[in-house]
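Subject: Handing over a structure, with notes

Dear colleague,

I am passing on a structure that you have not seen before, and my notes on it follow below. Please read them with the structure open beside you.

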Amino acid sequence: MADSGFASLPPHHPQCLGCGPDNPAGLQLSVYRDGDEVFTDLAFDARHRGAPGLAHGGAISAACDDLFGFVLYVVEEIAVTRTLTVEYRAPVPLGQRHRITARLHHRDGRRLHLEAAGVGDDGVTRFTAQALFIVVDIDHFSDHGTEHDVHAMFTQHPLRTREGG
Ligand SMILES: CCCCCCCCCCCCCCCC(=O)SCCNC(=O)CCNC(=O)[C@H](O)C(C)(C)COP(=O)(O)OP(=O)(O)OC[C@H]1O[C@@H](n2cnc3c(N)ncnc32)[C@H](O)[C@@H]1OP(=O)(O)O
């Protein structure tokens, strides 16, 4: 459970694998903003099992990728993942809560360099991640999703588009 007093950020959309509350197969992340950082508190469960008792690396990667997608609220840009690197520093036990925190490291034109870390409630950093997101415009999505779904994804967000909306 996240601390109260931080701004809760809306999911990317209801069915999002990372944060959609209506996706039963998803991680259903609840994400908060703390200044220029975003964070989520997550305990991987049996759906995310890799080795017995441990979280699957793909689930950890998905959590980091989706959390990076919330840094876009801070940056106020629309962007997508071009590269994602996860360093698995220690096994992540199922059921143990980790706080994953992400932020912009620096920006270079359309390139957003992002970084994240997952720290257990025992204080152990078990994974870190770096990503390169590339700023895109809304056409990136409208070429694929239905007009209704794409419109819904962006109208619910207090996000300025590159066109200045
Ligand atoms: C606030 C919330 C709002 C709501 C919502 C927001 C968004 C909505 C999120 C939905 C949820 C998110 C969830 C998590 C985030 C995903 O998971 S996003 C999904 C996974 N990612 C993708 O599907 C992206 C697929 N890739 C692509 O579509 C294209 O490769 C890209 C990323 C759009 C880039 O293509 P492009 O526009 O043709 O760009 P390109 O010219 O190749 O490169 C752009 C620049 O980056 C440089 N570059 C490219 N690759 C590299 C590299 N590896 N290293 C260094 N430089 C590089 C290029 O050199 C170029 O530099 P400049 O010439 O501009 O100086």
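In which sense do β1 and β2 pair, and over how many bridges? The pairing of β1 and β2 is antiparallel and runs over three bridges, where two strands count as paired if DSSP finds at least two bridges between them. Helices (H or I, at least four residues) and strands (E, at least two) are DSSP runs, numbered from the N terminus.

Before going further, please note that this is a predicted model, in which local features need pLDDT of at least 70 and side-chain atom pairs count only at pLDDT 80 or more, while totals for chains, interfaces and linings use all residues. Residues are numbered from 1 along each chain as its sequence is written.

The overall picture

The chain has three helices and seven strands, and along the sequence they follow the pattern β-β-β-α-β-β-β-β-α-α. Along the principal axes, the C-alpha atoms of the chain fill a box of roughly 45 × 35 × 30 Å.

The sheet

The seven strands form an open, antiparallel sheet in the order β1-β2-β3-β5-β6-β7-β4. Its edge strands, each pairing on one side only, are β1 (7-9) and β4 (79-88). On average, neighbouring strands are turned by 25 degrees against each other, direction ignored.

The strands β2 and β3 pair over four bridges in the antiparallel sense, and they form a hairpin with two residues between them, in whose turn Gly 35 has a positive phi of about 65 degrees. Strand β3 (residues 37-42) then pairs with β5 (residues 98-108) over six bridges, again antiparallel, with Phe 39 opposite Thr 101 in β5.

Further along, β6 and β7 are joined in the antiparallel sense over nine bridges, and Glu 115 has Gln 130 in β7 as its bridge partner. These two strands also form a hairpin, with four residues between them and a positive phi of about 85 degrees at Gly 123 in the turn. Nine bridges join β4 to β7, which run antiparallel, and Thr 83 is partnered there by Leu 132 in β7.

The helix and the ligand

Helix α1 (residues 57-75) lies across β1, β2 (31-34), β3, β4, β5, β6 (111-120) and β7 (125-135), at about 55 degrees to β5. Contact here requires C-beta atoms, placed from the backbone, within 7 Å; axes are lines fitted to C-alpha atoms, for helices over the stretch in contact, and angles run from 0 to 180 degrees between N-to-C directions.

Around the ligand there are 23 residues, of which Gly 69, Leu 72, Val 80, Thr 81 and Ile 134 come nearest; a residue is near if its C-beta atom, placed from the backbone, lies within 6 Å. The elements giving two or more residues to this shell are α1, β4 and β7, and the largest share, five residues, comes from α1.

The record

The unreviewed UniProt entry lists residues 53-122 as "domain: Thioesterase", and such annotations may be inferred rather than shown by experiment. Over residues 53-122 the chain is 27% helix and 44% strand.

With best wishes

Conventions: Two residues are in contact if their C-beta atoms, placed from the backbone, lie within 7 Å.
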